[in-house]
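User: Hi! Could you walk me through this model before I set anything up?

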Amino acid sequence: MKRRALFAALFAPLGAAMGGASARAATPPGKRGAEALPNAPLPQPRSLAVDLATALEMRRPLVVMVSLEGCPYCKQVRENYLVPMRHDQALPVVQVDMRSTRPVSDFAGAPRTHDQMVRAWGVKSAPTLLFFGPGGQEVAPRLTGFSADFYSAYLEQRLQQAEAAGKGR
């Protein structure tokens with residue numbers, strides 16, 4: 001018992017110095033600082049045109065998460081990836097809900113509901129992330145569903161594609 005305590009006392013600082021940084025780097029975005037953002041929701045757009053203009057001013061795509069109330073995978077994507085990225089990286093992201101009658105103006109300024117937008121985009125499952133650039137056009141492939149194994153890599157790839165497409169405008 002004393003050996004373990006001595007070993008832990010001697011090597012804990014070394015482990016923190018060597019393993020701590022790599023452990024943080026390997027952690028998906030949502031796992032860092034999640035405690036500081038308890039159940040923070042994503043904003044729900046009133047005007048997609050205004051939100052897109054704001055995103056483009058930042059030279060970023062507008063990320064739209066299509067969600068469904070009660071969807072556990074939506075909650076994972078929102079809480080572990082999008083909310084932290086919105087907070088830490090100022091990612092322009094909004095949430096549109098399937099089956100919701102909440103009003104929203106589309107990219108042309110026409111009044112719609114969340115559900116009408118979801119249907120217009122042809123989204124059939126949640127969560128689905130859409131990446132919009134100039135003119136309200138999709139600038140990267142959609143990210144549909146959730147798999148914890150590679151989600152962070154897929155999301156980063158889509159964001160890079162979307163940002164590269166925006167720079168080519």
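User: What should I know about the ground rules?
Analyst: This is a predicted model, where local features need pLDDT of at least 70 and side-chain atom pairs count only at pLDDT 80 or more, while totals for chains, interfaces and linings use all residues. Residues are numbered from 1 along each chain as its sequence is written, and side-chain values use heavy atoms, with hydrogens and water left out.

User: What pLDDT does the protein average?
Analyst: The average is 82, and 75% of the residues score at least 70. (pLDDT is the predictor's confidence in each residue, from 0 to 100.)

User: Where is it below 50?
Analyst: Residues 1-38 are below 50. Beyond near neighbours in sequence, that stretch has 22 contacts in the model, a contact being heavy atoms within 4.5 Å. Where pLDDT is low, the predicted coordinates should not be read in detail.

User: OK. How many helices and strands are there in the protein?
Analyst: Five helices and six strands, in the order α-α-β-α-β-β-β-α-β-β-α from the N terminus. These are DSSP runs numbered from the N terminus: helices are H or I with at least four residues, strands are E with at least two.

User: How much of the protein is buried?
Analyst: Of its 169 residues, 37% count as buried. Buried means under 20% relative accessible area, exposed over 50%, and partly exposed in between, with a 1.4 Å probe and protein chains only.

User: Which residues have the most contacts inside the largest nonpolar core?
Analyst: Leu82, Leu129, Phe131 and Leu155, in a core of 21 residues. Strand E1 (62-67), helix H3 (72-89), strand E5 (128-132) and helix H5 (151-167) each give two or more residues to this core, and H3 gives the most, with six. A nonpolar core here is a set of buried Ala, Val, Leu, Ile, Met, Phe, Trp, Tyr and Cys residues joined through side-chain atoms within 4.5 Å.

User: What does Leu82 touch?
Analyst: Leaving aside residues up to four places away in sequence, Leu82 touches Leu42, Met65, Val77, Leu91, Val93, Leu129 and Leu155. Apart from that core lies another, of 17 residues, with Leu62, Met98, Val118 and Phe132 among them.

User: Which residues of helix H4 are buried?
Analyst: In H4 (residues 114-121), they are His114, Asp115, Met117, Val118 and Trp121. They span an arc of only 160° around the axis, so they sit on the same side of H4. That arc is taken over the directions from the helix axis to the C-beta atoms.

User: And what's on the face turned away?
Analyst: That face of H4 carries the exposed residues Arg119 and Ala120. The cover over the buried residues of H4 includes helix H2 (48-57), E1, strand E2 (93-97), strand E3 (103-105), strand E4 (111-113) and E5. Just after H4, Gly122 takes a positive phi of about 75°.

User: Then which residues of H2 are buried?
Analyst: Leu48, Leu52, Ala55 and Leu56. Those residues fall within an arc of 95° seen down the axis, so they line one face of H2. Their cover includes E1, E2, E3, H4 and E5. Just after H2, Arg59 takes a positive phi of about 60°.
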